[in-house]
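Student: I have a new model on my screen and would like to learn to read it. Could we go through it together?

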Amino acid sequence: MGGLTATRRPTTEAALSRSFIENEVLSLLTRLDQQQPFSMTMPMTPAASVADEALRAVTDHLTTGRRSLRHQASHFLRQVRSGGVADDQLQAGYALVKLRFNAILDQLDIFADVLSQRAEHQTGTWVAGLDVLATDALHLSANLYHPPPLMCFLDRGHGAAIRRARTRLPGGDENPVAVIQIPRERMIGSGIAASLIHEVGHQGAALLELVESLRAALRQRQARDNSPGWKMYDLWISEIIADVWAMCHLGIGATLGLMSVVSLPRYFMFRMQTDDPHPFPWIRVRLSIAFGKMLFPDRQWVMMEDIWQRLYPLKGLTNRQLQIIQTLEATMPHFVQLVIQHRNRALKQWQLHEVLPVGQRQPADLRRLYREWRQKSGSIYLAAPSLVFAVIGQARADSLISPQAESRLLGQMLNNWALQRSEDRSPRRELRTIREIEKIIS
C-alpha cells in the first residue's frame, strides 16, 4: 500500500506478546529519532540566541541522554527477541524504557520553553540581554567557583524561579545549565533585575554552600540567645540570602523591585506561616531595608522605612503578630551583621560582602555615574550590566528618571548586550544606539 510495509503476524500467543512489546519499543525509538537538535529547529536571530556554552551544554546533555536510551532499548530488544524472558518481565522492562523516554522528552521541553521564546520579535533579544545580566550577577570578584551557563525565559505568573544547574532533572540526570524564569509582567523596568538577580543568588548561594553554613551559624546563635527570632531567620535563610545577593548588586534598586513584587492585599502582607521558606512580605521588605542601611549607608533608607510604614501600617494587627514583628526587629541588626560578615570554607578568607560588588554600588557613586552618563552617554557601554541596573534603580529612587525613560533605556541596553554577545555589531549600529540613549537620558 503506497510505501507501507506489512509485518508477518506471529502465529503463537507468546510470539504475539513479544511482537507487541518489540513494536512498541521500535515505535518509541522512531519517535526519539524525530527529535532534532535545537540548532536545527529554533528560528532566532543571532542576537537572540543563548550563549554558545549554554547551547553546547544542553545539546551535549540531550545527545548523551538519547544515546543512553538507545543503548538501553537495544539491549532490551535483544532480550525480547531471545525468547528466554517471561512476558510479564518483558512488560516491566518495557515500562522502564518508556519512563526513561518520557523523562528525556520532559527535559527537552524544559529547554525548548527557553529557546522557542527567542523567536519572538524583540522579546527574544531582550531575553538574551537578560542572559548577559544574569551571567554578570553570578561573577565574583574572587575566583571561588566555576559558574555554570545560564539561560532566561519569560513566563506568566507573579514570581520568578530558577532550576539550578547541577540539580536533578526529570529522570534523575544532572542539569547542565541554570534556567531562570522571569515574570513577563516585569519587562522592562529596573525591577526586573531584582527578580533576576534574586534567582541568580540561589545559584550563587548553592555554589558557595551558604545556606548550610549560615544555618549552622544561626542555630549556634539561637542556642546562645534563646530568641525565637533566630529560629525564624533559620527557616527563611535560603530566600533571604538570595535577596542579599540582589541587594549587593543593585543597592536600593533591589528594595524597590522587591516592594513591587510583594505589594499585595494587606491580609497577605502579615500572613505568618511556620512552614513557608519565604519571610512574610512585610518583614521581607524591612529586612531588605536593614541590609541596605548596613551595606549602603544613606538617608534614603529612612525615607524607604517611612514609605513602607505608611503603605502598610501596623495598626489592626493581633498581639501575636505584633509580638513576632517586635522579636524580629530586635534581633534584625545582629542578624544582618552575621550574614554580611559570614565566612565558610567555600568563601576561604573572604567575608560574604567582600566577594560581592558592594564597594562599587555605594549611592554616591551610583549618582555620580548617572550624572556622567547624562553628559557622555557612550560611557554606559563600559559598565557591567548589573551596575547599569543599579545606577538606573538609584536614579529611579531619586526621581531623576521617569518610568517611560527607564523602560526605553533598559530596553536599549538589553539589545546592546545581546548584540555584543553575538558579535553582530557594526560601528554604524553602535553610533545609532548611542544617539538613542542620549535622547533618553538627556
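Predicted model: local features only at pLDDT ≥ 70, side-chain atom pairs only at ≥ 80, totals over all residues.

Student: Is Thr 123 buried or exposed?
Tutor: The cut-off for buried is under 20% relative accessible area. Thr 123 has a relative accessible area of 13%, so this residue is buried.

Student: How many of the residues of H5 are buried?
Tutor: Helix H5 runs over residues 123-138, which gives it 16 residues. From first C-alpha to last, H5 reaches 23 Å, close to the 22 Å expected at 1.5 Å a residue. H5 is mostly covered, and the number of buried residues is 14 of 16.

Student: And how many residues of H11 are buried?
Tutor: Helix H11 takes in residues 281-295, 15 residues in total, and reaches 21 Å against an expected 21 Å. H11 too is mostly covered. Its buried residues number 13 of 15.

Student: What share of the residues in the protein chain is buried?
Tutor: The protein chain has 18 helices and 3 strands. Among its contacts with a separation of 6 or more, 76% are between residues 24 or more positions apart. Of the 442 residues in the chain, the buried share is 50%.

Student: At roughly what angle do the axes of H7 and H8 cross?
Tutor: Two packed helices are described by the angle between their axes and the distance between the axes. Helix H7 covers residues 210-225 and helix H8 residues 228-250, and their axes come within 9 Å. The crossing is right-handed. Its angle is roughly 145°.

Student: By class, how many residues in the contact of H7 with H8 are nonpolar, polar and charged?
Tutor: On the H7 side, the contact includes Leu 210, Val 211, Leu 214 and Arg 215. On the H8 side, Trp 230, Lys 231, Tyr 233 and Asp 234 are among the residues taking part. By class, the contact has 10 nonpolar, 2 polar and 6 charged residues.

Student: How is H8 placed relative to H9: parallel, perpendicular or oblique?
Tutor: H8 packs with helix H9 (residues 252-262) at an angle of about 130°, their axes 6 Å apart. The angle therefore makes H8, relative to H9, oblique.

Student: Which residues of H8 make the contact with H9?
Tutor: By class, this contact has 6 nonpolar, 2 polar and 1 charged residues. H9 contributes Ile 252, Gly 253, Ala 254, Thr 255 and Leu 258. From H8 come Asp 243, Ala 246, Met 247 and Leu 250.

Student: What is phi of Glu 209 near?
Tutor: Most residues other than glycine have a negative phi. Glu 209 lies in the loop between helix H6 (191-207) and H7, and is partly exposed, with a relative accessible area of 34%. Its phi is positive, near 55°.

Student: Is Lys 348 buried or exposed?
Tutor: Lys 348 lies in the loop between helix H13 (319-340) and helix H14 (352-355). Its phi is near 60°, a positive value in a residue other than glycine. The cut-off for exposed is over 50%. Lys 348 has 52% relative accessibility, so this residue counts as exposed.

Notes:
Residues numbered from 1 in each chain as written. Heavy atoms only, no water. Axes fitted to C-alpha atoms, helices over the stretch in contact; angles between N-to-C directions. Helix = DSSP H or I, 4+ residues; strand = E, 2+ residues; numbered from the N terminus. Left-handed = near helix turned anticlockwise from the far one by under 90°. Contact = heavy atoms within 4.5 Å. Nonpolar A, V, L, I, M, F, W, Y, C, P; charged D, E, K, R; others polar. Parallel < 35°, antiparallel > 145°, perpendicular 65-115°, else oblique. Buried < 20%, exposed > 50% of the residue type's maximum accessible area, 1.4 Å probe, protein only. Expected span 1.5 Å × (residues − 1).
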